[in-house]
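Here are a colleague's notes for someone meeting this structure for the first time. Please read them with the model open beside you.

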Amino acid sequence: MSKLTLKDLDLQDKCALVRVDFNVPLQLAPESEYYTVADDTRVLAALPTIRAITDAGGKAILVSHLGRPKGQPDPKFSLAPVADRLNDLLDTSVRFSSETIGPIVEKTIRTMPNGSVLLLENTRFFAGETTNDASFAEELAQLGDVFINDAFGTAHRAHASNVGVAGHFPDAAAAGHLLEKELVLLGNALESPTPPTLAILGGAKVSDKMGAITNLIGIVDHILIGGAMAYTFLMAKGVAVGNSLVEKERLDDALRMMDLAGDKLHLPTDHIVSTSLESLEDVHSVSDPIEDGFLGFDIGPETIHRYCELIHLAKTCIWNGPMGVFEVEAFASGTNFIAQAVASATDHGATTIIGGGDSVAAIKQAHLDQRVSHVSTGGGAMLKFLEGESLAGLDALTDLP
């Protein structure tokens with residue numbers, strides 16, 4: 001990496017302002033009005049950076065957003081439950097501040113001993129967070145001696161707590177361990193991958209993946225398409241897709257990408273269909289075409305077999321987006337078999353990277369998240385990276401000399 005990283009900083013006696021990504025799902029505790037963390041993956045991912053700061057004799061001042069509280073305080077989006085979970089995971093006790101900026105926070109930080117951890121309240125309780133407001137960024141910057149960005153999940157957004165604040169630390173804005181790991185792994189997968197290389201792209205909309213597909217055509221050996229977006233490609237190809245979801249305004253784009261990709265781009269040739277998500281008595285597999293009145297909700301067995309054969313041969317594999325509506329058991333086979341194939345490829349030496357909220361949920365649902373090389377913490381940022389686009393949060397960090 002050409003950016004300053006955590007290991008380049010002297011953290012002894014320093015207040016390290018750390019942008020973490022604690023945008024985690026919350027749930028109400030049983031028979032209680034209190035929220036708890038439902039999935040602590042992102043909290044666990046931040047621990048190496050937090051521990052590095054405290055072990056070096058610094059203070060870790062953590063800032064994050066959670067949800068979309070629309071620029072004003074909302075108790076449903078408080079980070080207090082995350083502080084409780086973080087406290088369970090760390091050897092040192094974690095303080096929580098119901099304030100995000102201001103003199104109360106500054107006094108708390110001054111009186112904290114070295115090796116302490118403080119989590120500040122949700123940055124999105126301030127409208128200036130998402131608009132990258134200069135005054136809000138300046139008030140945040142006053143809380144630290146150095147700035148560390150460890151939030152890959154927001155690295156593609158120019159917000160006050162990652163981009164605006166970094167400008168106040170021209171010589172000391174560094175990438176944390178997680179951000180560095182994400183960028184190195186994804187960078188290697190795109191710039192110097194071990195062949196054969198393969199990308200698996202699913203999800204609902206072609207429009208969400210157009211940039212990634214276009215960029216990956218020049219990088220990987222195979223692109224496997226699944227999810228509802230496959231039906232836009234199939235319709236563009238002249239295949240009848242019944243009532244399946246299609247972005248008709250993207251048919252020309254789909255044709256262009258297929259022409260550009262040639263044999264690299266693989267589409268489903270059979271499907272699991274039904275008349276609706278609720279009509280499970282109508283579920284069956286069908287080869288192209290899909291008749292009127294039916295919708296495709298998953299890739300079929302022939303496609304699963306063909307895709308898995310290619311995955312088993314791959315030495316570099318990137319996956320973003322499920323193959324079908326995996327939340328419904330009747331339409332989960334495609335995604336589950338792909339997850340198993342990716343895990344098997346990892347066992348045989350492939351580098352495998354999974355990203356995107358639904359893909360991560362699917363690999364966890366299959367209990368295979370520990371059998372892949374890396375589960376990315378940022379779906380949107382990963383897509384931007386796959387598109388070959390720069391990330392605002394990364395660009396704002398200090399360049400190495």
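1. A residue is called buried under 20% relative accessible area, exposed over 50% and partly exposed in between, with a 1.4 Å probe and protein chains only. Helices (H or I, at least four residues) and strands (E, at least two) are DSSP runs numbered from the N terminus. The model is predicted, with local features needing pLDDT of at least 70, side-chain atom pairs counting only at pLDDT 80 or more, and totals for chains, interfaces and linings using all residues. Residues are numbered from 1 along each chain as its sequence is written, and side-chain values use heavy atoms, leaving out hydrogens and water.

2. Strand S16 (residues 351-355) is largely enclosed by the rest of the structure, because 4 of its 5 residues are buried. Strand S15 (residues 316-320) runs parallel to S16 and is joined to S16 by 5 bridges, where pairing requires that DSSP finds at least two bridges between two strands. Within this pairing, Asn 320 stands opposite Gly 355. From S15 the chain passes through helix H11 (residues 333-347) to S16 in a right-handed β-α-β crossover, meaning that, with the strands pointing away from the viewer, the path from the first strand over the helix to the second runs clockwise.

3. S16 also pairs with strand S17 (residues 374-375), in the parallel sense and over 2 bridges, and here Ile 354 stands opposite Val 375. Together with helix H12 (residues 357-365), S16 and S17 make a right-handed β-α-β unit.
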